[in-house]
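Hi,

Here is the model I promised to send over.

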Amino acid sequence: AEVGREDHCILTASEDQSLVSAALEWLIGRRDGERLVLYPGDEAGWLHEVLVDHGFGKGAVAGLEWGYDIAATEMPNVPEGFVVDALAGPEDYPGVDRCLEGAFGGDRNRIPVLESLASNPLFRPELSIVARDPDAGIVAYCRGTVDPDSGVAGIDPVATHPDFQGRGLGKAILKTCFANQRSLGGTESYIGSEPEGSQGSYLYRSLGPASKRSYSEWAKQST
């Protein structure tokens, strides 16, 4: 995980309650009584039954997933004075790091993470999109992925430096990424955000999503 957490993900090929139950028993044992939090989709009622059986309780909505049909994505309207293009290479990493720090806070060095991501054989540099200001350098950034076999794509993170928010740069980099995902075989793209009312949720709603899913926090308290 980019933020250094020990995260786990349970995936099954079908709605298999017994298999999820077995995975949960393993995970609960591994946590050795520590608090455990999972974020299943709110539409997955069959999964909620398993969580209740294992002592989990449902909390508030923790996040959203916005889905987009990118088969006919509009080309971006780039605000005057800015340039939107793909990541040039390692020389852009310090600028991306400054942009992410401004958008999300923290003072950790993200450059090793960017270098590690770029070393992955599935990394596509044309899906890392930046907006450039002649004076301030990189002021917005997003990174996309695409599976050409299934057509499923995703974008994470999406960041605009606070000094440049509200100018349409988020839309510009996302629409550019959608177009590049489509050129690589993508048909649908997904972006996660915090719940309704967050800054990201306003941006993603304005892009005309084809779907929206919510995910709530389910917690098993420490014992």
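**Sheet, pockets and ring pairs**

Strands S5 and S6 run antiparallel and are joined by 6 bridges. One of the contacts between them pairs Ala-140 with Thr-160 in S6. Strands and helices here are DSSP runs numbered from the N terminus (E, at least two residues, for strands; H or I, at least four, for helices), and two strands pair if DSSP finds at least two bridges between them.

Before the rest, some housekeeping. This is a predicted model, so local features need pLDDT of at least 70 and side-chain atom pairs count only at pLDDT 80 or more, while totals for chains, interfaces and linings use all residues. Residues are numbered from 1 along each chain as its sequence is written, and side-chain values use heavy atoms, with hydrogens and water left out.

Back to the sheet: it is open, has 8 strands in the order S1-S8-S2-S7-S6-S5-S4-S3, and its pairing is mixed. S1 (36-38) and S3 are the edge strands with a single partner each, so one side of each has no neighbour in the sheet. From one strand to the next, the twist averages 25° (axes are lines fitted to C-alpha atoms, for helices over the stretch in contact, with angles from 0 to 180 degrees between N-to-C directions).

The search ran on a 1 Å grid over the protein atoms alone: a cavity is a set of points where a 1.4 Å probe fits but cannot get out, a pocket is an open set with protein on both sides within 12 Å along at least five of seven lines, and lining residues have an atom within 4 Å of a point. Points are joined across faces, edges and corners, and a volume is the space filled by probe spheres set on them.

The second largest pocket comes to about 560 Å³. Its lining has 16 residues, and Leu-122, Phe-123, Gly-144, Thr-145 and Val-146 lie nearest the centre. S5 (137-146) and S6 (152-160) each supply at least two lining residues, with S5 giving the most, 4 residues. By class, that lining splits into 9 nonpolar, 4 polar and 3 charged (nonpolar is Ala, Val, Leu, Ile, Met, Phe, Trp, Tyr, Cys and Pro; charged is Asp, Glu, Lys and Arg; the others, Gly among them, are polar).

Last, the rings. There are 2 aromatic pairs (Phe, Tyr or Trp rings, the six-membered one for Trp, with centres within 6.5 Å; planes under 30 degrees apart are stacked, over 60 edge-to-face, the rest tilted). Tyr-68 and Phe-178 make a tilted pair, 5.2 Å centre to centre with 40° between the planes. They sit 110 residues apart, Tyr-68 in S2 (57-69) and Phe-178 in H5 (169-183). Tyr-68 is buried at 3% relative accessibility, and Phe-178 is buried at 4% (buried is under 20% relative accessible area, exposed over 50%, partly exposed in between, with a 1.4 Å probe and protein chains only).

Phe-82 and Phe-164 are edge-to-face, at 6.1 Å and 90°. Phe-82 is in the S2–S3 loop and Phe-164 in the S6–H5 loop, so this pair ties together parts 82 residues apart in sequence. Phe-82 is buried at 11%, as is Phe-164 at 12%.

Cheers
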